[in-house]
Amino acid sequence: MTTPATRQLPCAEGEFRQQFSSTRRGARLARHLALHQLNSWGLPYGSSAFEAAETVVAELAANAGTHGSVSGRDFELRLALSRTTLRIEVSDTRTERRPPGPGDLAPVGPLAESGRGLLLVEAVADRWAVLDRFPVGKTVRAELDLPAGLYGGRA
């Protein structure tokens with residue numbers, strides 16, 4: 001079995017951007033690389049901001065790898081760090097399966113096997129939205145406000 005290919009895209013300082021195969025394996029790799037990037041920026045493991053980012057990346061990447069999957073097309077993860085905010089964006093090329101936005105999520109029954117991912121994002125993110133992606137697809141963006149002086153990275 002082979003590992004899905006990824007392609008590193010050009011990044012500005014304080015930004016991480018990479019494409020991943022639209023598979024569960026691609027979603028898992030996106031999570032691992034995102035956590036490594038956050039650590040390299042100085043966001044401390046175990047901090048509430050790190051754990052919130054871990055939850056958001058895991059859920060959005062999993063959604064892109066399953067619900068947003070289009071054969072032969074990748075999804076993209078983008079992290080952008082400023083002194084006060086971490087922005088997490090996951091984009092895929094599936095237009096017809098647009099998730100509900102903030103405040104429009106339906107409650108999930110206790111025995112349901114899916115449907116909790118965006119509820120988790122809504123619970124931990126300070127802001128989030130579902131945006132159109134041009135020329136095709138959608139982007140789910142979540143932002144986490146960072147406490148002053150939390151990380152020792154660049155901005």
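## Salt bridges

The predicted model contains ten salt bridges, a salt bridge being a side-chain nitrogen of Lys or Arg within 4 Å of a carboxyl oxygen of Asp or Glu. One of the pairs is Arg-31 with Glu-54, where the closest N and O atoms are 2.7 Å apart. This pair links distant parts of the chain, since Arg-31 belongs to helix H1 and Glu-54 to helix H2, 23 residues apart. Arg-31 is partly exposed at 25% relative accessibility, and Glu-54 is partly exposed at 23%. Here buried means under 20% relative accessible area, exposed means over 50%, and partly exposed lies in between (1.4 Å probe, protein chains only).

Asp-92 and Lys-138 also meet in a salt bridge, at 2.8 Å from N to O. Asp-92 is in strand S4 and Lys-138 in strand S6 (residues 138-145), 46 residues apart, and the pair links distant parts of the chain. Asp-92 is buried, at 6% relative accessibility, and Lys-138 is buried with a relative accessible area of 6%. A further salt bridge joins Asp-145 and Arg-127 at 2.6 Å, N to O. Asp-145 lies in S6 and Arg-127 in strand S5 (residues 127-132), so the pair ties together parts that are 18 residues apart in sequence. Asp-145 is partly exposed at 39% relative accessibility, as is Arg-127 at 37%. Salt bridges with shared partners also join Glu-15, Arg-17, Glu-76, Arg-78, Glu-89 and Arg-141 into one network.

## Basis of the model

Residues are numbered from 1 along each chain as its sequence is written, and side-chain values use heavy atoms, with hydrogens and water left out. This is a predicted model, in which local features need pLDDT of at least 70 and side-chain atom pairs count only at pLDDT 80 or more, while totals for chains, interfaces and linings use all residues.

## Overall layout

The protein chain has three helices and six strands, in the order β-β-α-α-β-β-α-β-β from the N terminus. These elements are DSSP runs numbered from the N terminus: helices are H or I with at least four residues, and strands are E with at least two.

Of the 155 residues of the chain, 42% count as buried. The accessible surface comes to about 8400 Å², and carbon and sulfur atoms account for 51% of it; the areas come from the Shrake-Rupley method with a 1.4 Å probe, and for residues only the protein chains shown count as cover. Among contacts between residues at least 6 apart in sequence, 61% join residues at least 24 apart, where contact means heavy atoms within 4.5 Å.

## Helix H1

H1 covers residues 24-40, 17 residues in all, and reaches 24 Å from its first C-alpha to its last, close to the expected 24 Å at 1.5 Å a residue. The expected span is 1.5 Å times one less than the number of residues. The buried residues of H1 are Gly-26, Ala-27, Ala-30, Ala-34, Leu-35, Gln-37 and Leu-38. They pack against strand S2 (15-21), helix H2 (48-66), strand S3 (74-81) and strand S4 (85-92). Just after H1, Gly-42 has a positive phi of about 95°.

## Nonpolar core

The largest nonpolar core has 35 residues, and those with the most contacts inside it are Leu-38, Leu-60, Leu-77, Leu-79, Leu-86, Ile-88 and Trp-128. Two or more residues each come from S2, H1, H2, S3, S4, helix H3 (117-124), S5 and S6. H2 gives the largest share, nine residues. A nonpolar core is a set of buried Ala, Val, Leu, Ile, Met, Phe, Trp, Tyr and Cys residues joined through side-chain atoms within 4.5 Å. In soluble globular proteins, nonpolar side chains tend to be buried together.

Leaving aside neighbours within four places in sequence, Leu-79 has contacts that include Phe-16, Ala-34, Leu-38, Trp-41, Val-57 and Ile-88.

## Strand S6 and its partners

S6 is mostly covered, with six of its eight residues buried. S6 runs antiparallel to S4, joined by eight bridges, and antiparallel to S5, joined by six bridges. Strands count as paired if DSSP finds at least two bridges between them. Thr-85 stands opposite Asp-145 in S6, and Arg-127 stands opposite Glu-143 in S6.

S5 and S6 form a hairpin with five residues between them, and Gly-137 in the turn has a positive phi of about 105°. Pro-135 is also in the loop between S5 and S6. A cis peptide bond joins Phe-134 and Pro-135, with omega about 10°.
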